[in-house]
Amino acid sequence: MLPSTVERVPQHTSEAVNAQIRRETEERVAIIAAAGREAIDQRLNELNREWDIERTLEANAATLSLAGLTLGATINRKWFLFPGIISAFLLQHAVQGWCPPLPVFRRLGIRTASEIDYERYALKALRGDFDHLKNGSEQLASEQLLQTMRR
């Protein structure tokens, strides 16, 4: 059975790297939260511009494929094999969630969209964006929302 879109990259990333990414995210949330609302707003804007692993892999594959096509057209026709190999690895990533550059990018801290969203929603909860949601007569506390998001 194929892994879900959300699970496939973390499943093919070492647990140590996944833990490091989680730890860095949680530390960053704590630091930003302590800095106040303006810092939260600024970080949310930064998160909107952050490239996730999918976009990074797509840009990497496109760049390498274009380089292979250029080299094939100008240097040696054997370079035309390179874009084919890159395309095969990109397909493998789409299906299985793994390709050769994935471990390198993950070690560099490139996160999945859901990991970026985790930070985004934690900051929004701390900022009070979800305070209007009520559970019976009591408001949901930010800590409870964060715990729910971790599950």
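The model is predicted, so local features need pLDDT of at least 70 and side-chain atom pairs count only at pLDDT 80 or more, while totals for chains, interfaces and linings use all residues. Residues are numbered from 1 along each chain as its sequence is written, and side-chain values use heavy atoms, with hydrogens and water left out.

Side chains of opposite charge can pair when their charged atoms come close. A search of the whole structure finds 12 salt bridges, a salt bridge being a side-chain nitrogen of Lys or Arg within 4 Å of a carboxyl oxygen of Asp or Glu. One of them joins E119 to R28, with the closest N and O atoms 3.2 Å apart. Because E119 lies in helix α7 and R28 in helix α2 (residues 15-35), this pair ties together parts that are 91 residues apart in sequence; helices here are DSSP runs of H or I with at least four residues, numbered from the N terminus. E119 is buried at 0% relative accessibility, whereas R28, at 25%, is partly exposed; buried means under 20% relative accessible area, exposed over 50%, and partly exposed in between, with a 1.4 Å probe and protein chains only.

E119 also forms a salt bridge with R111, where the closest N and O atoms are 2.7 Å apart, and both of these residues are buried.

T112 lies in the loop between α6 (102-107) and α7 (113-127), and T112 is buried, with a relative accessible area of 6%. Among the residues that T112 touches are V9, P10 and R106, contact meaning heavy atoms within 4.5 Å.

Key. Helix = DSSP H or I, 4+ residues; strand = E, 2+ residues; numbered from the N terminus. Lists of a residue's contacts leave out its neighbours within four places in sequence.
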